[in-house]
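The structure is shown first.

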Amino acid sequence: MSATTTYTVSGMTCQHCVASVTEEVQEIQGVEDVSIELESGAVTVTSTAPLEEATVRAAVEEAGYQLA
Ligand code: 9UX
């Protein structure tokens, strides 16, 4: 069963930031969809199975941002 979780990411200030985070999070195994709202920092991730928060955190940090 797929899972959808919304995380809050701080530090994104433009659409390039959004693209970087989207790219990294999409590389996580099982991720089907990533939707980011720049203004609020809301990152909604749909995956085939629930993700470990640490995995998402690592991807966000790889892109250069922080999971709130
Ligand atoms: Mo442009 Mo977004 O440097 O940090 S990618 S503001």
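Does Thr-13 count as buried or exposed? Thr-13 counts as exposed because its relative accessibility is 66%, where exposed means over 50% relative accessible area, buried under 20% and partly exposed in between (1.4 Å probe, protein chains only).

## Basis of the model

The model is predicted; local features need pLDDT of at least 70, side-chain atom pairs count only at pLDDT 80 or more, and totals for chains, interfaces and linings use all residues. Residues are numbered from 1 along each chain as its sequence is written, and side-chain values use heavy atoms, with hydrogens and water left out.

## Helix H1

Helix H1 comprises 12 residues, 15–26; helices (H or I, at least four residues) and strands (E, at least two) are DSSP runs numbered from the N terminus. From first to last C-alpha, H1 reaches 16 Å, close to the 16 Å expected at 1.5 Å a residue, the expected span being 1.5 Å times one less than the number of residues.

The buried residues of H1 are Cys-17, Val-18, Val-21, Thr-22 and Val-25. They lie on the same side of H1 because they cover an arc of only 135 degrees around the axis, taken from the directions from the helix axis to the C-beta atoms. These buried residues pack against strand E2 (31–37), strand E3 (42–47) and helix H2 (53–63), contact meaning heavy atoms within 4.5 Å. Exposed His-16 and Glu-23 are on the face turned away from the buried side.

## Ligand surroundings

Thr-13, Cys-14, His-16, Cys-17 and Tyr-65 surround the ligand, a residue being near if one of its heavy atoms lies within 4 Å. Thr-13 is located in the loop between strand E1 (3–10) and H1.
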